[in-house]
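Thank you all for coming; please have a look at the picture that I am putting up now, and keep in mind throughout the question of how far each part of it can be read.

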Amino acid sequence: MSKRRVSLQTMKTSLIFLLAFCRPSYSFVLPTNAQRSSKSTACFGIGEWRDTFFNFPGAGDDRRIGTESGPPPKEVCILPFPFVEVLLQGETKQLRLYEERFIKLFDDAMKNHSGVVAMGLLADSGIIQTVPLCEIEAYNRLEGFGIFVTIRAVGRAQLVEIVQQEPYLKAVCTELADKLPPNLELPNLVASNIENFMLLLSSMEHRLQQAKAKNGNTEQEEEDAEMERRINIAKLDDRFYQADDDEDSEEDIELDRRARFRQAYEVACSTDTQGYCVVDKTSDRTPQELTAISWAAFCTELLLEDDATFRIQALDSDSLFDRLKLASHMLRDKKAQLRVKMQKAGLKFRGEDLDEDEPSIDEMI
Ligand SMILES: *[C@@H]1O[C@H](CO)[C@@H](O)[C@H](O)[C@H]1NC(C)=O
């Protein structure tokens with residue numbers, strides 16, 4: 001497994017406090033002198049967890065062998081989150097665990113589950129049955145402050161049964177893998193469509209930004225100011241993600257949607273540990289590349305929470321093709337919204353309109 005480094009120096013300052021069940025996140029600034037002792041857990045994780053034999057109640061004798069109905073069930077500890085905070089393949093989140101029970105959960109996950117935890121996504125109706133599986137990628141114990149933890153989504157699972165409620169949730173789950181169509185021609189078409197949308201949306205957003213810079217705020221001043229504030233918060237996140245690769249350069253350059261897509265694609269690709277057995281020589285993209293696109297497409301909004309319902313649907317989907325189509329629909333909605341904004345700003349479409357009369361790929365499928 002490639003060693004993934006997370007620099008705590010550039011760790012974003014907004015950390016999640018895990019309280020009773022869900023609470024909003026608060027800002028918390030790391031003391032500088034404590035930043036250098038973060039421990040990386042690069043050597044274990046999902047691979048080791050998959051190979052672990054768990055002795056949970058009710059487990060049958062076929063625990064180690066994958067049955068026809070899927071991989072063998074495994075045990076996992078569950079960290080609760082509001083569903084809007086869902087992480088998709090490759091995405092990371094920083095947490096500060098300070099409650100006794102979550103520190104116990106952390107120790108259990110590190111000792112007994114190869115550093116793998118599940119995100120328990122809480123909706124009104126309860127916990128969502130599909131959970132992101134995350135590796136504890138780095139952590140830092142600070143006396144009096146609890147544990148600062150970086151988790152990264154590396155897979156998904158279905159909860160089968162909750163086996164422990166107190167002091168923290170523990171469940172039996174089975175890993176979820178995508179169904180791949182035997183022929184990748186149509187998925188490839190939709191993937192191209194997604195890439196085109198990314199270009200188009202980026203260019204529309206650039207033009208809107210330029211227009212705004214020229215005119216200053218005329219109407220909608222309040223809305224714009226709010227958006228500005230939210231984007232500035234999100235910029236902090238961007239800077240954090242960039243720091244994975246390069247700590248000093250390009251810190252102040254805001255990535256556009258296309259660049260964010262590309263970055264999410266790289267990360268989704270490099271963290272993917274699913275085996276793929278379909279080899280379709282006729283398609284341009286490999287199943288792994290298509291899968292990475294199907295995740296990255298949901299990771300381009302500056303405020304990911306705005307796409308939360310789509311992201312949950314993506315998480316829930318066990319079909320690569322369905323997820324690609326969902327992404328394409330979502331992006332088409334975004335385009336329609338941007339078009340309205342451009343109209344309001346008095347901007348004419350240049351070429352961006354051309355595809356309107358052509359049959360869209362969504363209708364062809
Ligand atoms: C690891 O699992 C064992 C057996 O279930 C349990 O007794 C032990 O407390 C666990 N370790 C931690 C740190 O929770």
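Where pLDDT is low, the predicted coordinates should not be read in detail.

Residues are numbered from 1 along each chain as its sequence is written.

The protein averages a pLDDT of 78, and 70% of the residues score at least 70. Confidence is lowest in strand 1 (residues 14–17), with a mean of 29, and highest in helix 7 (residues 308–316), at 96.

How many helices and strands are there? The protein has nine helices and ten strands, both taken as DSSP runs numbered from the N terminus, with helices being H or I of at least four residues and strands being E of at least two. Of the 365 residues, 33% are buried, a word that I use if 20 or more other C-beta atoms lie within 10 Å of a residue's own, with exposed meaning 12 or fewer, partly exposed in between, and the C-beta atoms placed from the backbone.

Let me turn to the helices. Helix 5 (residues 257–270) has 14 residues, and at 1.5 Å a residue it should span 20 Å, which agrees with its end C-alpha atoms being 20 Å apart; the expected span here is 1.5 Å times one less than the number of residues. Its buried residues include Phe261, Ala264 and Val267.

Two packed helices are described by the angle between their axes and the distance between the axes. For helix 3 (residues 185–215) and helix 5, the axes come within 8 Å and cross at roughly 145°, where axes are lines fitted to C-alpha atoms, for helices over the stretch in contact, and angles run from 0 to 180 degrees between N-to-C directions. On the helix 3 side, Met198, Leu199, Leu201, Ser202 and Glu205 meet Arg257, Arg258 and Phe261 of helix 5.

Why is helix 6 (residues 287–296) described as largely enclosed by the rest of the structure? Eight of its ten residues are buried, so helix 6 is largely enclosed, and what covers its buried residues includes helix 3, helix 5 and helix 8 (320–344).

Finally, a few single residues. Ala138, in strand 8 (residues 130–142), is buried, with 23 other C-beta atoms within 10 Å, and its C-alpha atom is separated by 5.2 Å from that of Thr150, twelve residues apart along the chain. Ser114, in the loop between helix 2 (100–112) and strand 6 (116–123), has a positive phi of about 55° although it is not a glycine, and Ser114 counts as buried because it has 21 C-beta neighbours inside 10 Å. The peptide bond from Glu166 to Pro167 is cis, with omega near 0°, and Pro167 lies in the loop between strand 9 (146–164) and strand 10 (169–175).

Methods
Predicted model: local features only at pLDDT ≥ 70, side-chain atom pairs only at ≥ 80, totals over all residues. Contact = placed C-beta atoms within 7 Å. pLDDT = per-residue confidence, 0-100.
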